[in-house]
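Here is a short briefing on a protein model. Please look over the sequence and the structure first.

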Amino acid sequence: MTQPHEHAEHAHPSNRTYILVAAILGVITAVEVGVFYLDALKPVLVPILLALSAAKFTMVVGFFMHLKFDSKLYRALFVGPLVVAIAVMMAMFLLYGVFSA
Amino acid sequence: MSQTDAAAMEMHSATGLPNRKILMWAFIGSECMLFGSLIIVYMVYRGKSLVGPYPADLLNIPFITVTTFVLLMSSLMMVLALSAVQRGDMKWGKIWLFMTALLGMVFLGGQVYEFSHFVHEGLTLKTNLFGGSFFLLTGTHGAHVAVGVIWLMSLVFMAQRGRLTQANAETVEIAGLYWHFVDVVWIVLFTLIYLLV
């Protein structure tokens with residue numbers, strides 16, 4: 001049987017960290033919209049926007065949802081289905097040529 | 001065995017983790033699959049509408065950027081609410097919870113405005129593939145936001161009646177997990193629907 005302390009949850013971040021994360025999220029959103037309007041970046045728009053979106057996603061899940069600090073079991077419960085969902089999405093996108101010119 | 005011991009055993013699983021939190025993470029995992037399937041539908045149908053209006057004719061990027069920012073900031077309010085409740089500062093816990101719900105309502109207001117504008121411009125569920133998949137995807141997300149707002153307001157009400165205390169901070173944490181997930185979904189939708197037009 002798993003011992004309770006094995007999955008001990010760590011202390012959550014401070015309010016200052018939360019505000020810093022929110023500020024970074026705001027800046028990334030502004031960068032996303034800026035990139036969207038820059039014609040020079042059109043050829044690489046998709047990878048840039050997906051990378052920025054993934055960064056925001058990771059920050060919210062890691063800091064605001066505390067997945068970075070909490071038990072690995074929660075991480076498994078979230079990341080497992082997420083990986084399956086992303087794999088199915090990628091397969092369908094490839095099958096239907098979603099990102100092909 | 002005392003009633004307190006029995007209650008403690010009921011609330012925690014063999015892993016030593018709270019049952020309700022495990023359940024919420026499992027639910028969020030299942031929600032990833034739900035939104036994943038809806039995103040697939042939207043992306044596969046993207047650019048395949050035979051009649052207008054088309055996304056480029058309707059999508060208002062500056063407007064939706066503001067509502068996206070509002071939803072992001074609601075997540076900040078939510079973590080501040082949890083932090084306050086965990087400290088036992090119920091006054092600020094209540095204020096931050098109310099602010100989170102308020103920003104959620106502002107986001108929903110923006111979505112209602114956007115939907116009504118699109119319908120006025122001739123885009124409905126039946127108009128074309130864009131209309132059907134757009135309203136299905138963003139409507140499902142909006143319904144989740146509405147559930148979150150009701151949940152948060154019920155917590156504010158509980159706090160107002162003195163039934164939400166530092167002892168049940170986990171209740172706020174679980175509501176927070178749901179709220180942040182709704183935010184995370186929007187982060188993805190904002191990019192896929194509005195920026196990758």
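How many helices and strands are there in chain A? Chain A has three helices and zero strands, where helices (H or I, at least four residues) and strands (E, at least two) are DSSP runs numbered from the N terminus. This is a predicted model, in which local features need pLDDT of at least 70, side-chain atom pairs count only at pLDDT 80 or more, and totals for chains, interfaces and linings use all residues. Residues are numbered from 1 along each chain as its sequence is written, while chains are lettered from A and ligands numbered from 1 in the order in which they are written.

**Chain A overall**

- Along the sequence, chain A reads α-α-α.
- Of its 101 residues, 23% count as buried (20 or more other C-beta atoms within 10 Å of a residue's own; exposed means 12 or fewer, partly exposed in between; C-beta atoms are placed from the backbone).
- Among contacts in chain A with a separation of 6 or more, 60% join residues 24 or more positions apart. Two residues are in contact if their C-beta atoms, placed from the backbone, lie within 7 Å.

**Helix pair α1(A) and α2(A)**

- Helix α1 (residues 15–37) and helix α2 (residues 45–64) of chain A have axes that come within 10 Å and cross at roughly 165°. Axes are lines fitted to C-alpha atoms, for helices over the stretch in contact, and angles run from 0 to 180 degrees between N-to-C directions.
- α1(A) and α2(A) are therefore roughly antiparallel to each other (angles over 145 degrees).
- On the α1(A) side, the contact residues include Val21(A), Ile24(A), Leu25(A) and Ile28(A). On the α2(A) side, they include Leu49(A), Leu52(A), Met59(A) and Phe63(A).
- The residues of this contact divide into 15 nonpolar, one polar and two charged. Ala, Val, Leu, Ile, Met, Phe, Trp, Tyr, Cys and Pro count as nonpolar, Asp, Glu, Lys and Arg as charged, and the others, Gly among them, as polar.

**Contact between chains A and B**

- The contact takes 40 residues from chain A and 38 residues from chain B.
- On the chain A side, the elements giving two or more residues are α1, α2 and α3 (72–96).
- α3(A) supplies the largest share of that side, 14 residues.
- The chain A side divides into 30 nonpolar, eight polar and two charged residues.

**Ser83(B)**

- Ser83(B) sits in helix α4 (residues 61–87) of chain B.
- Ser83(B) is buried, with 20 other C-beta atoms within 10 Å.
- Ser83(B) and Ala167(B) are 84 residues apart along the chain, and 13 Å separates their C-alpha atoms.

Definitions and conventions: Parallel < 35°, antiparallel > 145°, perpendicular 65-115°, else oblique.
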